[in-house]
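Subject: Handover of a structure and notes on its contents

Dear colleague,

I am passing the structure below to you for your records. My notes on it follow directly after.

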Amino acid sequence: MNEQIQQRAFEISRRYFLGRGAGVGLGAMALGLLESTLRAETEKPKAIGLPDLPHKPPRAKNVIFLTQSGGPSQIELFDDKPGLMKWAGKELPESVRRGQRLTTMTANQKQLIMPSRTKFKRYGESGATLGEWLPYHGEVADELCFIKSMVTDQINHAPAMTKYLTGHQLPGRPSIGAWSSYGLGSENRNLPDYLVLISKMKRPSDQPLYDHYWGSGFLPSRYQGVKLRNAKEPVLYLRDPDGLPRNVRRGMLNGIAELNQMRLEQTGDPEIETRVRQYEMAWRMQSSIPELNDLSDEPESTFELYGPDSRRPGSYAANCVLARRLIERGVRFVQLFHPDWDHHSRLGSWCVARCRDTDQASAALVKDLKQRGLLDETLVIWGGEFGRGVAGQGKWDSPEGGRDHHPRCFTTWLAGGGVKSGMTYGVTDEFSYNVAENPVNVRDLHATVLHLLGIDHERFTFRHQGLDFRLTGVEPSNIIKEILA
């Protein structure tokens with residue numbers, strides 16, 4: 001009885017506010033909104049993006065971006081340079097360094113060469129070289145396409161990661177996931193187009209992850225990545241307040257949508273439309289998010305594949321499982337962030353720990369997608385903002401030694417989604433310091449990803465402050481045609 005009285009009182013006050021108080025009645029707008037919601041729940045969903053996209057048939061429908069924040073060391077993980085042993089402890093030749101910028105952390109020390117702390121092996125029919133700290137990667141080596149000649153012009157974390165994800169080193173541009181959401185939308189009406197998962201570390205992380213890494217920049221904010229918290233409640237404030245009946249909540253949302261619609265017609269502000277969509281998305285996520293995070297329907301084989309850490313909510317391994325589940329549900333762009341690859345010291349323990357966090361789960365994700373028939377249409381990207389330098393930071397021959405930031409060459413790998421498998425592209429010099437063949441700028445990587453999604457990067461623009469902006473900017477950008485299947 002109390003619940004009925006509460007509901008009746010709410011309906012009366014709401015009708016007064018929206019009717020006599022605001023000078024309008026409950027009209028066709030709220031009804032139309034409700035009808036569209038019901039249609040979205042019953043009809044077969046279609047991706048809602050720009051009407052002229054994709055420009056051509058896409059090779060990849062979805063993207064999973066395994067972002068390793070901090071700069072993984074290509075010298076220990078991917079880029080085998082056995083000749084460095086004869087240079088151990090010797091100073092890096094000036095003919096190699098060429099006066100290139102160093103960070104303030106190593107600019108005043110001698111650049112003494114530190115050979116790789118790992119041994120390398122060749123894997124699969126492709127003969128890909130991988131360091132011993134990535135044994136599970138070796139099991140999927142023939143599925144991967146390694147780009148060993150990545151180049152950036154940023155030497156510090158925040159600007160380098162900002163450029164790696166948005167195409168520009170200064171915050172304010174849309175991330176690649178936001179561009180994807182804007183252009184293509186997704187096939188899921190109950191989850192955002194672009195979702196972000198951040199690893200819950202076993203110890204406090206000192207690697208900051210800024211919201212603009214997955215932000216929408218000057219695009220309407222509805223296209224920004226939605227971050228799922230690595231906590232009991234992945235999204236805050238989704239639950240209805242205690243004592244508020246579900247149908248009353250629905251009525252309240254209809255009323256708010258009506259007011260927002262009137263304001264939108266007056267101002268034309270796209271952020272008001274974003275607000276309406278966010279309310280509706282939150283309504284639908286009340287059921288979709290708990291179902292997504294409930295892994296009780298996963299067989300034991302899933303946890304065996306991804307490793308024991310996949311049972312720990314918020315871990316990188318658990319997030320890899322969630323990424324696959326999101327792709328199965330039609331989410332367009334999923335981005336995982338794993339921090340603490342910034343090994344300025346104790347390289348032999350810190351880098352090993354990050355490999356232990358990510359190696360098995362990254363390889364398992366590729367295997368899992370393939371056995372489910374999803375890899376051909378899902379582009380998987382693994383990489384960080386830059387690499388590590390060949391000179392040791394600190395004492396090169398000490399267990400405390402590490403490596404400083406290095407933008408002149410680093411490795412990113414891709415799998416599935418129209419990319420050649422079992423391929424290595426690009427070559428570095430004998431010191432893993434400069435690119436010797438086939439340099440790949442961050443812009444080139446972005447152009448290639450958009451191409452695989454069916455988008456011509458030169459035609460994909462957004463007008464802002466009188467200029468037509470694009471992800472790849474105004475400098476020349478090339479699709480890496482050699483890695484396309």
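The notes below go from the overall fold to the cysteines and then to the aromatic rings.

Please bear in mind throughout that this is a predicted model.

Overall fold

The protein contains 13 helices and 17 strands. Of its 485 residues, 55% are buried. Among contacts with a separation of 6 or more, 79% are between residues 24 or more positions apart.

Cysteines

A disulfide is a covalent bond that joins the sulfur atoms of two cysteines. The structure holds zero disulfides. For Cys355, the closest cysteine sulfur is that of Cys351, at 4.3 Å. That distance is too far for a bond, because a disulfide requires the two sulfur atoms to be within 2.5 Å. Cys355 has 1% relative accessibility and therefore counts as buried, the cut-off being under 20%. Cys145, with a relative accessibility of 0%, also counts as buried.

Aromatic pairs

The count of aromatic pairs in the model comes to 19. One of them joins Trp179 and Tyr182 in an edge-to-face arrangement, with 6.3 Å from centre to centre and 70 degrees between the planes. Both residues belong to helix α7 (residues 176-184), where they are three residues apart, about one turn of the helix. Trp179 and Tyr182 are both buried.

A further pair, Phe218 and Phe469, is tilted: the centres are 4.8 Å apart and the planes form an angle of 45 degrees. This pair links distant parts of the chain, as its members are 251 residues apart. Phe218 is found in the loop between β5 (194-198) and β6 (226-228), whereas Phe469 lies in strand β17 (residues 467-469). Phe218 counts as buried at 14% relative accessibility, and Phe469 counts as buried at 17%.

The two pairs described above belong to one aromatic cluster, formed by Trp179, Tyr182, Phe218, Tyr223, Phe460, Phe462 and Phe469.

Charges over rings

Two arginines deserve a mention here. Arg203 lies over the face of Trp350, 4.8 Å from the ring centre. In the case of Arg311, the charged end sits over the ring of Phe303, at 4.3 Å from the centre of that ring.

With kind regards

Note on methods: Residues are numbered from 1 along each chain as its sequence is written. This is a predicted model: local features need pLDDT of at least 70, side-chain atom pairs count only at pLDDT 80 or more; totals for chains, interfaces and linings use all residues. Side-chain values use heavy atoms; hydrogens and water are left out. Helices (H or I, at least four residues) and strands (E, at least two) are DSSP runs, numbered from the N terminus. Buried means under 20% relative accessible area, exposed over 50%, partly exposed in between (1.4 Å probe, protein chains only). Contact means heavy atoms within 4.5 Å. Rings of Phe, Tyr and Trp (its six-membered ring) pair if their centres lie within 6.5 Å; planes under 30 degrees apart count as stacked, over 60 as edge-to-face and the rest as tilted. A charge sits over a ring if NZ of Lys or CZ of Arg is within 6 Å of the ring centre and within 35 degrees of the ring normal.
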